[in-house]
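Please look over the sequence and the structure shown here before reading the report.

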Protein chains: 2
Amino acid sequence: MSVHVLETATSVLLRDPTASLGEVAKAAGVGRTTLHKRFPTRSDLIHALATEALDLVDAAISSVDTGSDTAIEQLVAKLVPLGPRVEFLLRFPNLRDDERLSMRLTVMDQPVIDLISRLQGTRLRADLPAWWIAQTLYAGVYSAWEGIAAGRLAPLDAPGLVLTTFYQGVSHVGAADRS
Amino acid sequence: MSVHVLETATSVLLRDPTASLGEVAKAAGVGRTTLHKRFPTRSDLIHALATEALDLVDAAISSVDTGSDTAIEQLVAKLVPLGPRVEFLLRFPNLRDDERLSMRLTVMDQPVIDLISRLQGTRLRADLPAWWIAQTLYAGVYSAWEGIAAGRLAPLDAPGLVLTTFYQGVSHVGAADRS
DNA sequence: ACCGTTGTGAACATGAGTGTTCACGTCCTC
DNA sequence: GAGGACGTGAACACTCATGTTCACAACGGT
């Protein structure tokens, strides 16, 4: 059940970052006292949510075989379902106030950067900064999750959409565009 | 000066959505009383920030000549500098609670969707939903702003980076990738 | 049947943010 | 120089989230 509480809390706090602990507890179907017993203070709760999100994202990233040809495909497939957790990490800027969390946040996507750097020159363009490519990938994943949450996108269509846009852009084939 | 207050308030509230009005006032270099005189309640302030952001984005969008060949280029160039305002509209989900704001938010990017729809088949791929292309464009703009804010990207490089990624993706030329 | 664990609501004290008022400066205008 | 407009800090009462405690109910294992 603990897991469900964290999940609900994440979505509630994403919908309204100023939501009271009472609202969070009610949404999770649990008493405020119970919530307080598990997370003595509001910061503790936020911290726990961030830690869990980081754990999940870390697990997703390290579960991909970075040597495989389909490494990026695996990554996207793993990240899209984590939508709300990724969103949480992005939308709570003051997570960086915590030393430990801040470090994990900065280190988190190093494997992704490394993977991209290694692929630049073969599968990926070498004239773009690696961090930009990573950012583009994340943005695609996040946009896809948003589309799913809004009901505009079928979950099964998401990875394909992200990947084709990521790789090929949105230009009509045959038109040689320039910036 | 009013403009500067709104700008500062936006950045403060983005950094910490729970920031007190006192902090906002201090950051803007005005007394809390003065702030209160202009915006009697916290909601009024938020509402004013959202309205101003919407005005700026609206102005940016409607300032581009949608008939021009460089419509999208113009759009990107106009949107990137609006970074914080766009971020504000994205990161305050409960703006939708206000009837008027909600309507403006949903109507806002209709011209962009229309422009994209019109370009699909000529310059833009027709096998992707128009909303997805728009989303991809926004995501690129936002990522660019983020890069600028973090000091990783020179403001002048931003539009080019966004556009080349948007149009062509990140695939190395010569590699025929598939999703 | 007993007892530890766990979840719960009720109640309370406290602190912080908020809305409001007031009296005091400063600047500009007439 | 009188008077209004505007910004300001100090002070106040009020609300509300929060942290904390306590007594009670449900459950499971021994």
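## Overall build of chain A

This is a predicted model, and every value in the report was computed from it. Chain A comprises 10 helices and 0 strands, so that, by the DSSP runs on which the elements rest, its order from the N terminus reads α-α-α-α-α-α-α-α-α-α. The C-alpha trace of chain A spans about 60 × 35 × 30 Å along its principal axes.

Of the 179 residues in chain A, 50% count as buried. When contacts in chain A between residues at least 6 apart in sequence are considered, 59% of them join residues at least 24 apart.

## The largest nonpolar core

The largest nonpolar core holds 123 residues, and those with the most contacts inside it are A:Ile72, A:Leu89 and B:Ile72. Helix 4 of chain A, which covers residues 42-62, gives the most to this core, with 10 residues. In chain B, domain 1 (1-40) and domain 2 (55-168) both give residues to the core, so the core lies between them.

The surroundings of A:Leu89 can be listed in detail: leaving aside residues up to four places away in sequence, A:Leu89 touches A:Ala50, A:Ala53, A:Leu54 and A:Val57, and also A:Leu95, A:Leu105 and A:Met108.

The size of an interface is often given as the accessible area lost when the parts come together. Here chain A and chain B bury about 4200 Å² between them, with 57% of that area on carbon and sulfur atoms. On the side of chain A, the residues that lose the most area to chain B are A:Arg125, A:Trp132 and A:Val170, which together account for 18% of what that side buries. The contact takes 46 residues from chain A and 46 residues from chain B.

Which kinds of polar pairing does the rule find across the interface of chain A and chain B? It finds 22 residue pairs in polar contact, both residues being at pLDDT 80 or more, while the number of salt bridges found across this interface is 0. The elements giving two or more residues to the side of chain A that touches chain B are helix 1 (2-15), helix 6 (83-91), helix 9 (130-149) and helix 10 (158-168) of chain A. Helix 9 of chain A gives the most to that side, with 11 residues.

## Salt bridges within the chains

Side chains of opposite charge can pair when their charged atoms come close. Over all chains, a search of the whole structure finds 14 salt bridges. One of them joins the side chains of A:Glu7 and A:Arg85, at 3.9 Å from N to O, and this pair links helix 1 of chain A, where A:Glu7 lies, with helix 6 of chain A, where A:Arg85 lies, 78 residues apart. A:Glu7 is partly exposed, with a relative accessible area of 43%, whereas A:Arg85 counts as buried at 9%.

In chain B, B:Glu52 forms a salt bridge with B:Arg85, their closest N and O atoms being 2.2 Å apart. B:Glu52 lies in helix 4 (residues 42-62) and B:Arg85 in helix 6 (residues 83-91) of chain B, so the pair ties together parts that are 33 residues apart in sequence. Both B:Glu52 and B:Arg85 are buried. Another salt bridge is formed by B:Asp58 with B:Arg104, whose closest N and O atoms are 2.9 Å apart; B:Asp58 sits in helix 4 of chain B and B:Arg104 in helix 7 (residues 99-108) of chain B, 46 residues apart. B:Asp58 is partly exposed, with a relative accessible area of 29%, and B:Arg104 is buried, with 17%.

Notes
Residues numbered from 1 in each chain as written. Chains lettered and ligands numbered in written order. Predicted model: local features only at pLDDT ≥ 70, side-chain atom pairs only at ≥ 80, totals over all residues. Heavy atoms only, no water. Core = buried A, V, L, I, M, F, W, Y, C linked by side-chain atoms within 4.5 Å. Buried < 20%, exposed > 50% of the residue type's maximum accessible area, 1.4 Å probe, protein only. Helix = DSSP H or I, 4+ residues; strand = E, 2+ residues; numbered from the N terminus. Domains from an automatic or database assignment. Contact = heavy atoms within 4.5 Å. Buried area = accessible area lost by both parts, 1.4 Å probe. Salt bridge = Lys/Arg side-chain N within 4 Å of Asp/Glu carboxyl O. Polar contact = N/O pair within 3.5 Å; in protein donor to acceptor, adjacent residues only side chain to side chain.
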